[in-house]
Structure formats: C-alpha cells, structure tokens
Amino acid sequence: MSAALWALVVLPAVAGGMLLLAGRRADRVAPALALGVAALVTALAGTVALTRPSVDAPFLAGARWGLTADGPAALVVPAVAAVALLVLAYAAVEIRSDRSRFHGLMLVFLAAVLLTATATTLPVLLLGWEIMGAMSYALIAYHWRRDDAVAAGGTAFLTTRAGDLGLYLAAGAGLAGGTLDLTGLAGLPPGWRDLAAAGVLAAGFGKAAQLPFSFWLSRAMLGPSPVSALLHSAAMVAMGGYLLVRAHPLLVATGWAVDVAAWGGALTALALGVVALAQTDLKQLLAASTSAQLGYVVLGAAVAPAGAVAHLIGHAATKALLFLAAGAWLTALGTRRLSALRGAGRRHPLVGAVFAVGALALAGVPPLALWATKDEVLAGARERSPALYLVGLAGALLAALYAGRALAVVLRPVPPGVETGYDTERAGTREVAAGQWGPLVPLAVGAAVLGVLALPPLSRAVAGAVGAGPAPPTRVAELTLSGLLAVAGVTLAVAVPGRLPAPGWARAWLGLDRAARLLVVRPTLALARGLARFDDRVLDRAVHAVPGAVRGVARGLARFDDAGLDRGVAAVPALTRRAADALARVDDHGVDALVRRLARAARRLGVLARRPQTGLVHQYYVQVVLVLGAAVLILLLAR
C-alpha cells in the first residue's frame with residue numbers, strides 16, 4: 001500500500017500546482033476539482049491509517065526519502081484530511097474571486113502538511129515544513145492588494161521562520177552525530193543531542209504560536225476565514241505541536257527539554273488565555289485561544305504524548321468549527337466585533353447552535369471533546385509537578401471564561417440598534433448560505449464526541465498507537481473538578497458578559513509584537529543600516545579606489561618602461577655591435593694569426609722532411625747508420 005502513501009502527498013500537490021499554473025482560466029472548475037481531490041485524499045488517509053504503509057527511497061547522500069503512516073500519523077493524518085475537506089467545502093461558497101489561486105494554494109498547503117505529518121527523515125520534514133510556511137504566507141496575504149494583509153503574511157512568515165531555523169540546527173546536529181532519521185535523534189551523542197532538542201523546540205514553539213512567538217497568530221487573522229479555519233485547527237499550528245510529539249523520545253533523552261516544553265506550553269495556555277479573555281474581536285479571541293489550546297498539546301508532548309494527540313485532534317474539529325462559524329457571520333453581517341455580534345446566534349439559529357457546541361467544547365464542558373483530552377494532559381502534568389498541574393488547571397478555567405464570553409455575546413437577545421455595527425469589515429449579505437453551514441454540522445459532531453479518544457478503552461489504543469508508554473491515569477476526581485471549573489467559568493462569563501477584566505496589555509497580545517519590534521526588528525534594521533553605511537563609505541570607496549590605484553600603478557610601470565626598459569632595450573643593439581666588433585678583432589688578430597703561424601710551421605717541417613728523400617740508396621744507408629749510432633749513444637749515456 002505504499003502507492004496510497006505516495007498518492008496521499010502527490011495528488012494534492014499536483015492538483016494544486018495545476019490550478020496555480022492555470023490561473024483565472026480554471027476559476028470555474030477550481031472549487032469542484034479541489035473538493036474532489038480533498039475527498040480522494042480523505043479516503044487515502046483512511047486507507048493508510050488502516051494499512052500503516054511506509055516508503056523508503058533514495059533521496060540525498062546520507063538520507064533517504066522516508067514516509068510512514070505509523071501510530072501518530074495514522075491518528076493525525078485522517079483528521080487533517082477530513083478538516084481540510086470540510087473547510088474546502090465551505091470555501092467553495094465563501095471564496096468568490098480568484099478561486100483557482102485560492103484552491104491551488106490550499107491544496108499545495110494540504111500536501112505540505114501531510115508530507116510533514118508522515119516524514120521520517122529531517123530532509124523530507126524540512127521540505128514539507130518549508131512549503132507549508134511559504135503557502136501560509138501566500139494564504140494569509142491572499143488579499144494581496146491590501147497592504148495590511150501582505151504585512152500580516154510577512155509577519156507570520158518571518159516570525160515562524162525565526163523558529164524554523166531551529167530545525168536546520170537540529171538537522172546539522174543530526175548530520176554531525178551520524179543520523180538524519182527523526183527516530184535516531186534521541187540516540188545522538190550528548191552534545192549534538194542537546195543541540196537537536198533545542199532546535200526542535202524552537203521550530204515547534206514557532207509553528208505552534210507558543211510564547212514568545214504567539215503574536216503572529218493575531219496578524220494572521222487578516223486572511224480569509226477558511227484559511228484561519230485550516231491553518232489554526234488541524235494544519236500549520238497543529239504541526240508545531242505534532243512535531244514535539246514525534247520528538248518526545250528526544251525531549252526525554254535530554255531531560256531539560258521536557259521541562260522547557262512542559263512549562264512553555266503551560267505558561268502559554270495561561271498567558272494566552274488572559275489575552276483571549278481581553279479581545280473585542282471574535283477572530284482575535286479564537287486566535288488567542290488557539291495558541292492557548294496548543295499550549296496543552298505542547299505540554300502533553302512533554303508529559304503525556306497520547307493526551308497531546310487526542311487534544312490535537314479534538315481541537316482541530318472544535319477550532320475549525322468556530323472559525324467557520326465566525327466566517328459565516330462575517331459574510332452575513334460584515335463584522336467580527338463582539339459588540340456587533342450580539343444576538344448573531346439568534347439571527348442565524350443553526351450557526352448559533354453549532355457555535356454553542358464548539359464554544360462549550362473549547363471551554364472543556366463535559367462530555368464534549370476538549371474536556372477529557374485536556375484532563376489526560378493535566379494528568380501527565382500532575383505526575384511531573386504539582387505546580388505544573390495548577391498552572392494548567394488555571395489555564396483551563398480561563399478557557400471556560402473566554403469561551404463562555406463569546407457564547408454569551410452571540411446567544412444573547414438581539415439588542416436594538418445593533419445593526420449600526422454591521423458592515424465594518426465588508427458589506428454583509430444578511431444570510432448564511434447552505435454551503436456555509438453544511439460543513440459546520442460534521443465538525444460540531446466531532447467537537448462533541450472526539451473526547452472519547454482520551455477515555456477508556458480508546459485511550460489505551462491511542463497510547464499504544466503513539467508508542468510513548470501508557471498514558472498517566474486520569475482520576476475521576478480530577479475529571480469532576482475540571483468539569484465543574486468549566487461549567488462555573490461558562491456560567492460566570494454568561495452571567496456577567498462584557499464585565500470581565502480586560503487589561504490593555506492583554507488586548508495587545510502581551511505587547512509581544514511591540515517587544516519583537518523593539519528587541520529584534522529595530523536592532524536588525526539598525527544593524528542593516530550600519531552595515532549599509534559601512535558598505536557605502538568603506539567597501540564601496542575601497543572598490544572605487546581600486547581602479548584608480550591600478551591606473552596609477554599602470555602609469556608608473558609605463559614611465560618605468562619608457563625611462564628604463566625602453567632605454568635598456570635601445571642600448572642592447574649597440575652593446576651587441578660592440579661585442580661583435582671585439583669578437584671580430586679577436587678572430588682576426590688572434591685566432592686567424594695563430595692558424596696562419598701553425599700553417600707556416602707545418603710547411604717548414606714539410607720542407608725539412610722532404611730533403612732527406614733523395615732517392616739514392618747509399619744516402620739512405622748513411623741515414624740509417626747515423627740514426628743507429630745516435631740510438632747507441634743515447635743508450636750508453638742513459639746507462
């Protein structure tokens with residue numbers, strides 16, 4: 001069944017790419033094509049969840065192309081695919097212009113999320129992670145003619161990119177330590193293992209909008225409602241928490257990383273709960289609650305991985321439902337302001353009913369989805385530290401307050417004159433189409449029943465699939481306490497709507513955006529300006545001075561050539577002539593004279609040698625006698 005796993009990723013990527021390349025020509029068929037592909041992907045997700053295939057193929061030197069539908073992926077991938085299908089069904093009605101670009105981006109984004117969820121090696125994970133980040137920028141900045149939308153996309157992209165650098169740090173540590181497999185990071189040597197853990201934590205915190213990265217979610221609300229529903233429910237934000245669940249063995253192996261993840265998630269749940277409670281915009285409230293609820297996923301990734309996966313799945317259905325309901329009211333009433341949405345649930349009863357299910361689930365009211373899943377995470381926190389448990393419990397109370405506040409606003413009677421607050425974002429249609437509320441119903445069912453994943457006997461099956469050991473026991477007393485806190489929080493919020501404290505620093509997302517600009521953006525820009533001045537005043541001047549210096553050297557060499565080398569070259573022929581004349585005189589007066597003298601001596605010797613040659617025999621005898629006599633005399637003298 002590896003072909004199904006390949007198709008799970010390739011099919012939406014190819015279909016999305018075709019829609020993007022086709023452009024406006026495919027606007028008419030884009031929604032139907034996207035829905036068809038999403039339906040096939042959902043079926044493939046169910047198939048791979050049941051059959052658990054794996055893919056292993058050559059990819060890079062030292063790393064394979066690895067995909068798997070193991071336990072965590074088998075649970076999360078079907079949830080991602082189902083939510084994407086319902087969001088695209090809603091978008092088919094919501095998105096009216098440039099449909100091909102929107103649906104193409106959504107399909108490529110879906111492919112990247114599925115690749116991220118099934119990757120087994122860091123290079124494959126990085127590929128999916130990068131494409132997911134790029135598509136999120138394009139989707140948040142979908143209304144590209146609006147400067148604020150483009151700036152929001154840039155903020156989300158750059159903020160998450162800052163955390164994403166950690167994934168490259170983890171990949172470098174894995175490469176140095178000898179493995180690029182996700183499952184092998186826990187076995188790295190201690191130094192490299194700590195670097196890998198730090199990198200994975202940074203990447204997970206950035207994508208999951210945990211402190212201090214949370215503020216990018218606020219800016220991301222300028223994207224279309226279907227984008228918010230997918231990115232902040234089962235897709236990009238969820239993948240940050242999911243990465244930490246997959247890295248649970250690595251966090252445990254380092255020791256310190258478990259505490260960082262646990263306290264980071266718990267404090268985010270607490271702090272962003274206060275932020276959500278202070279918001280006056282429904283989508284901003286839901287965005288802050290996303291960061292807070294993902295805090296429980298991150299906390300669970302450290303202390304209760306099975307609970308983290310169950311909470312992630314329950315939150316995916318709940319948050320997609322709430323964002324799509326907010327989008328339906330935005331289309332109908334043209335506003336996101338809570339003050340203008342008073343009585344919106346009564347104006348549109350079906351949307352109000354499903355929103356109530358989602359809000360109560362978000363609050364943790366029994367027996368809805370996030371009640372039991374959150375308590376399974378809190379049980380792990382209790383085993384780790386009582387203080388950690390109390391912080392998580394305080395975050396749960398805040399969740400009940402902000403969810404109850406939103407519920408109280410939309411379900412209260414319609415006040416007179418509320419229409420004056422409509423159409424602040426766009427011109428409302430005053431109606432919710434069937435295509436908009438249709439996808440909300442199955443999401444509401446999911447928000448109602450998915451809590452069973454954290455209750456026996458399914459909790460044991462989920463824990464076995466996640467493979468991190470048995471889940472910490474959730475006690476009846478703790479479930480009861482959590483449920484009572486949720487009911488009390490919702491009751492309080494409904495009883496005093498609009499009277500809950502809302503400090504300005506909380507409404508401004510703890511000032512995180514301003515702090516990032518002050519501590520990161522401004523110093524970076526100042527450094528960039530300083531480097532630019534250094535470049536202009538030093539490097540550029542040095543570069544411009546080089547040609548002048550070269551020309552000066554060339555002129556000096558030319559003068560030396562004219563004054564020295566040319567004269568030297570000109571003097572060579574004269575010296576050569578003088579040397580030749582001297583050699584000629586030596587030849588004439590020395591060598592030739594010697595040769596002539598030798599010739600004359602040879603001629604004289606020849607003349608003397610011819611004189612004894614007379615041809616007379618008696619003279620020859622006399623010569624022999626003289627020679628013999630001389631020889632005898634020499635012998636006598638020598639003795």
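Guide: First, a term for what follows: a helix here is a DSSP run of at least four residues, numbered from the N terminus. And keep in mind that this is a predicted model.

Visitor: Fine. Which helix gives the largest share of the lining of the largest pocket?
Guide: Helix 24 does, with ten residues.

Visitor: How many residues line that largest pocket, and which lie nearest its centre?
Guide: The lining has 18 residues. Nearest the centre are Thr159, Phe215, Ala516, Val520 and Val521. Two elements give two or more residues each: helix 6 (147-177) and helix 24 (512-610).

Visitor: What's the volume, and what's the lining like by class?
Guide: The largest pocket holds about 470 Å³ of space. Its lining has twelve nonpolar, four polar and two charged residues.

Visitor: And the second largest pocket, what volume does that have?
Guide: About 380 Å³. Of the 17 residues that line the second largest pocket, Glu94, His143, Arg146, Pro224 and Arg426 are the closest to its centre. By class, that lining has six nonpolar, four polar and seven charged residues.

Visitor: New topic. How many salt bridges are there?
Guide: The count comes to 18. In general, side chains of opposite charge can pair when their charged atoms come close.

Visitor: Which residue does Arg24 pair with?
Guide: Arg24 forms a salt bridge with Asp98, at 3.1 Å from N to O. Arg24 sits in the loop between helix 1 (2-22) and helix 2 (30-51), and Asp98 in the loop between helix 3 (71-94) and helix 4 (99-118), so the pair ties together parts that are 74 residues apart in sequence.

Visitor: Are those two buried or exposed?
Guide: One of each. Arg24 is exposed, at 54% relative accessibility. Asp98 is buried, at 12%.

Visitor: What else does Asp98 meet in a salt bridge?
Guide: Arg101, at 2.6 Å from N to O. Arg101 is partly exposed, at 21% relative accessibility.

Visitor: What about Glu478, which residue is its salt-bridge partner?
Guide: Arg475, at 3.8 Å from N to O. Glu478 is buried, with a relative accessible area of 11%. Arg475 is partly exposed, at 46%. Elsewhere, salt bridges that share partners join Glu130, Arg161, Asp164 and Lys207 into one network.

Visitor: Last one. Where does Ala477 lie, and is that residue buried or exposed?
Guide: Ala477 lies in helix 22 (residues 476-495). Ala477 counts as exposed because its relative accessible area is 60%, and the cut-off is over 50%. From Ala43, Ala477 is 434 residues away in sequence and 40 Å away in space, C-alpha to C-alpha.

Definitions and conventions
Residues are numbered from 1 along each chain as its sequence is written. This is a predicted model: local features need pLDDT of at least 70, side-chain atom pairs count only at pLDDT 80 or more; totals for chains, interfaces and linings use all residues. Side-chain values use heavy atoms; hydrogens and water are left out. Buried means under 20% relative accessible area, exposed over 50%, partly exposed in between (1.4 Å probe, protein chains only). A salt bridge is a side-chain nitrogen of Lys or Arg within 4 Å of a carboxyl oxygen of Asp or Glu. On a 1 Å grid over the protein atoms alone, a cavity is a set of points where a 1.4 Å probe fits but cannot get out, and a pocket is an open set with protein on both sides within 12 Å along at least five of seven lines; lining residues have an atom within 4 Å of a point. Grid points are joined across faces, edges and corners, and a volume is the space filled by probe spheres set on the points. Ala, Val, Leu, Ile, Met, Phe, Trp, Tyr, Cys and Pro count as nonpolar, Asp, Glu, Lys and Arg as charged, and the others, Gly among them, as polar.
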